[in-house]
Amino acid sequence: MTDAKLEMFDDVGGLVEGEMSIPTNKNTQNIGKPDFNTLDEPIRDTILRDLKAVGVKFAHVLFPKEKKTLLKEWDLWGPLMLCTFMAMVLQGSSTVDNSNDGGPEFAEVFVIVWIGSMVVTLNSKLLGGNISFFQSICVLGYCLLPTTLALIVCRIILMVEQTPMLFFLRFTVSMIGFAWATYASMVFLGDSQKPGRKVLAVYPIFLFYFIISWLVISHTNT
Amino acid sequence: MANLQEVPTEELLSFHDYPAVHTSTGPQNTSAQLNLTQDSFENFSQQEEIREPLEDNPTNSASVKSFWTLEYYQQFFDVDTKDVIDRIVASVTPKRDNTLKYHLRDKPDLYGPFWITVTLIFTIAISGNIADYLHHASPQYHWKYDFHLVSYAATAIYVYVLLIPFALWGFLKWSSDVSDLEGLESGTTPGALELICIYGYSLFIYIPVSILWSIQINLLQWLLVLIGALVSGSVLLFTLLPALRLSRHKFVLMIGIMSCHLLLAAGFMLYFFHGPTGSPVVDTPHNSTKTS
């Protein structure tokens with residue numbers, strides 16, 4: 001019986017030590033104190049703390065320097081906000097005479113963002129990248145921020161009468177958003193692959209943001 | 001942790017020695033085992049049984065993986081940047097000596113076909129929109145983009161890249177001469193996965209071609225259709241030639257493969273890149289609503 005147990009422990013090797021050290025750390029930190037509980041604090045504090053975490057992540061996307069901060073604690077609130085906002089702005093409105101203006105439906109934008117980031121993540125997992133599934137989805141979602149900002153700018157430009165000059169301006173803005181998003185996600189996700197496969201993992205990310213930027217440029221309905 | 005501490009240290013030590021015997025070099029260990037367990041042969045044969053699966057594991061692990069695990073699919077994505085580039089280059093350079101086949105020989109991947117088809121779908125949708133815009137380039141016409149070209153392109157491409165290889169695979173199985181069983185065994189008949197891979201890579205040439213299709217010159221568009229279909233179609237034929245030779249209906253198959261490829265190219269060009277006034281084929285519902 002003990003042999004069987006030992007065999008099991010020996011298989012996993014170093015992993016066991018790592019997992020066992022976690023509870024001891026927690027105990028030493030909170031010694032003598034009751035466990036931290038969100039039930040005891042006002043709702044305002046809870047919401048503000050979460051909002052602050054989202055805001056810090058947004059700041060990291062806009063100024064991508066540190067590599068680990070965005071990866072440490074993933075959440076999907078930021079991506080959800082960005083994705084919902086983009087889908088609301090980008091959706092094509094069908095008019096009375098039943099001629100759709102050609103834009104994507106709300107759900108189509110949603111599907112492109114979520115399924116797209118899942119496919120990109122799955123691709124990097126299949127290539128052998130060492131990153132957890134939701135961490136990667138979190139990073140890809142948060143890196144939509146530059147394209148969302150580009151969409152807001154484009155929406156403002158669209159309010160005035162359109163000229164070729166203004167189209168060129170919208171094009172430039174979306175391209176900057178696209179380059180920024182791709183660069184930021186490469187900073188956060190780039191070193192999770194083997195060097196020989198970096199391009200293979202980066203190309204889908206590039207394509208993902210390119211498609212979203214195409215939606216941003218093409219969005220013209222007023 | 002508590003369990004580990006209860007175990008006596010001697011037992012722990014002896015256990016740690018135990019796998020070391022099996023993982024280090026085989027022949028020396030067997031001799032050592034022989035010396036140790038001369039008196040009890042049963043024990044030795046038991047050890048042998050334990051060691052065999054240990055040694056077999058690394059070689060078999062790829063095929064043993066369950067269908068539902070991520071590791072099962074990792075074998076289809078086991079490529080480096082260099083491999084993919086080599087395969088793409090091979091797919092646009094028709095040579096008699098089967099370069100694409102040579103590159104695919106050991107392991108067909110799904111990375112290339114998947115991302116080539118996705119890229120092609122969006123390239124066609126984007127440049128199709130550009131072509132439509134160029135066609136209506138006049139100040140009084142309020143042009144609107146059509147996102148749903150993506151859906152049409154995706155349907156067409158995925159039908160082509162999944163159905164045709166499966167149909168071809170079935171047809172090759174059915175029509176191959178039974179007398180040539182040796183040929184079948186040696187692997188000249190490609191598997192369904194290999195066919196999908198070949199077809200996926202053969203679509204690569206349409207990515208640059210579809211960007212060029214947005215230039216609205218009729219002659220140039222048709223020329224590109226012919227060039228694209230001929231170049232990648234001939235790569236397809238050269239790659240599949242060893243398998244086709246075995247078939248009883250090889251000429252039917254060859255003509256079928258080429259005409260499907262040409263039809264796909266012509267279909268793309270007429271549907272997505274030709275102005276509504278050009279050809280009657282283009283007068284589809286979504287185009288007519290746009291012009292109204």
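This is a predicted model: local features need pLDDT of at least 70, side-chain atom pairs count only at pLDDT 80 or more; totals for chains, interfaces and linings use all residues.
**View 1. Chain A is built from helices.** Starting at the N terminus, the elements of chain A run α-α-α-α-α-α-α-α-α-α. That gives ten helices and zero strands. Of the 222 residues in chain A, 32% are buried. Among the contacts in chain A with a separation of 6 or more, 68% join residues 24 or more positions apart.

View 2. An unreviewed UniProt entry carries the annotation "transmembrane region" for residues 139-160, 166-188 and 200-217 of chain A. Residues 200-217 of chain A are 100% helix and 0% strand, with 26 Å between the end C-alpha atoms.

View 3. Find E73(A) in the loop that links helix 4 (69-72) and helix 5 (77-90) of chain A. Is E73(A) buried or exposed? E73(A) is exposed, because 10 other C-beta atoms lie within 10 Å, and a residue with 12 or fewer counts as exposed.

**View 4. Helix 7 against helix 9 in chain A.** Here helix 7 (residues 133-142) of chain A packs on helix 9 (residues 164-189) of chain A, with the axes 9 Å apart and an angle of about 155 degrees between them. The two helices of chain A are therefore roughly antiparallel, and helix 7 of chain A passes helix 9 of chain A in a right-handed crossing. On the helix 7 side of chain A, look for S136(A), V139(A) and L140(A), which meet S185(A), F188(A) and L189(A) in helix 9 of chain A. By class, this contact has four nonpolar, two polar and no charged residues.

**View 5. Helix 9 against helix 11 in chain B.** Now turn to chain B, where the axes of helix 9 (residues 149-175) and helix 11 (residues 192-202) come within 9 Å and cross at roughly 135 degrees. Helix 9 of chain B and helix 11 of chain B are therefore oblique to each other, and their crossing is right-handed. Helix 9 of chain B brings residues including V161(B), F166(B) and W169(B) to this contact, and helix 11 of chain B brings residues including L195(B), I196(B) and Y199(B). The contact residues of these two chain B helices divide into eleven nonpolar, one polar and no charged.

Key: Residues are numbered from 1 along each chain as its sequence is written. Chains are lettered from A and ligands numbered from 1 in the order in which they are written. Helices (H or I, at least four residues) and strands (E, at least two) are DSSP runs, numbered from the N terminus. A residue is buried if 20 or more other C-beta atoms lie within 10 Å of its own, exposed if 12 or fewer, and partly exposed in between; C-beta atoms are placed from the backbone. UniProt positions are given in the numbering used here, feature names are shortened, and annotations may be inferred rather than shown by experiment. Two residues are in contact if their C-beta atoms, placed from the backbone, lie within 7 Å. Axes are lines fitted to C-alpha atoms, for helices over the stretch in contact, and angles run from 0 to 180 degrees between N-to-C directions. Angles under 35 degrees count as roughly parallel, over 145 as roughly antiparallel, 65 to 115 as roughly perpendicular and the rest as oblique. A crossing is left-handed if the near helix is turned anticlockwise from the far one by less than a right angle, and right-handed if clockwise. Ala, Val, Leu, Ile, Met, Phe, Trp, Tyr, Cys and Pro count as nonpolar, Asp, Glu, Lys and Arg as charged, and the others, Gly among them, as polar.
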